[in-house]
Structures are given as C-alpha cells and as structure tokens.
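Q: Please take a close look at the salt bridges in this model, and then at the nonpolar core. Give the cut-offs for each term as you use it.

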Amino acid sequence: MFMRPGLRRGPGLLGAVARTAVVAGTATAVSRGVNRSLDNRAQGRAEAAAYEQAAAQQQQPAQQQPPAQQGDLMAQLQRLADLRQQGLLDDQEFAAAKAKLLAS
C-alpha cells in the first residue's frame with residue numbers, strides 16, 4: 001500500500017524513544033525515592049535502638065532517678081516523639097521505646 005509523504009501511523013521511532021526515556025526516568029526517580037525512604041527508616045530504627053540501649057544502661061546502676069535526670073528523660077522522650085513525627089518510627093516502635101524509657 002502506497003502512503004503519501006507526511007501521513008504516518010503511530011508515533012514513529014523518535015516518539016517511541018521519547019516515551020521509553022520518560023518511562024525509564026520515572027522508574028529511576030521512584031526507585032531513588034523508595035531507597036531514600038528505606039535509608040531514613042533504617043537510620044531512625046538505629047537511633048531508636050541506641051536510645052533503648054542507653055535507657056537500659058541507665059536503669060542498671062540506679063533504679064531511681066534524681067530530679068536532674070528527669071529533664072534528660074524528657075529530652076529523650078521528645079527526641080522519640082520527633083522521630084515518630086518524621087515518620088522514622090511507627091506507632092509500635094515509638095510505644096516500645098517510650099515504655100522502656102518510662103520503666104527506668
């Protein structure tokens with residue numbers, strides 16, 4: 001079948017290449033965002049584990065905290081709340097870390 005110049009069917013080679021580039025770019029951007037999110041979450045969990053370990057070490061030497069250390073407890077609780085607000089800790093992780101701090 002003979003086609004006149006200027007009449008094409010579909011996007012042609014350049015259109016297909018452009019569409020592929022857009023799809024690949026979108027996939028790359030999404031992948032980077034997911035990786036960043038996972039890295040931030042892992043960092044938050046590591047910080048929460050460090051706080052839990054520090055709380056456990058504080059609990060061992062002295063069962064009762066003097067009033068001066070209660071301010072430190074409030075700072076630790078505020079830090080945990082900040083991590084939760086940033087999305088680095090979920091509700092269960094926050095509750096567990098808070099319970100450990102308050103138990104000491």
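A: Arg-84 and Asp-91 are joined through their side chains in a salt bridge, with an N to O distance of 3.2 Å. The term salt bridge here requires a side-chain nitrogen of Lys or Arg within 4 Å of a carboxyl oxygen of Asp or Glu. Arg-84 is partly exposed at a relative accessible area of 37%, whereas Asp-91 is exposed at 53%.

The model is predicted, so local features need pLDDT of at least 70 and side-chain atom pairs count only at pLDDT 80 or more, while totals for chains, interfaces and linings use all residues. Residues are numbered from 1 along each chain as its sequence is written, and side-chain values use heavy atoms, leaving out hydrogens and water.

Under the salt-bridge rule the count is five. One of them pairs Asp-90 with Arg-41, whose closest N and O atoms are 3.4 Å apart. Because Asp-90 sits in the loop between helix 2 (67–85) and helix 3 (91–103) while Arg-41 belongs to helix 1 (residues 12–59), this pair ties together parts that are 49 residues apart in sequence. Helices are DSSP runs of H or I with at least four residues, numbered from the N terminus. Asp-90 has a relative accessible area of 26% and is partly exposed; Arg-41, at 27%, is also partly exposed.

Another salt bridge links Glu-47 and Arg-79, with 2.7 Å between the closest N and O atoms. Glu-47 is in helix 1 and Arg-79 in helix 2, so parts 32 residues apart in sequence are tied together by this pair. Glu-47 is partly exposed at 22% relative accessible area, and Arg-79 is partly exposed at 27%.

As for the nonpolar side chains, the largest nonpolar core has 11 residues, among them Ala-48, Leu-73, Leu-77, Phe-94 and Leu-101. Such a core is a set of buried Ala, Val, Leu, Ile, Met, Phe, Trp, Tyr and Cys residues joined through side-chain atoms within 4.5 Å. Helix 1, helix 2 and helix 3 each contribute at least two residues to this core, and helix 2 gives the largest share, four residues. Leu-77 is in contact (heavy atoms within 4.5 Å) with Lys-98, Leu-101 and Leu-102, leaving aside residues up to four places away in sequence.

Terms used
Buried < 20%, exposed > 50% of the residue type's maximum accessible area, 1.4 Å probe, protein only.
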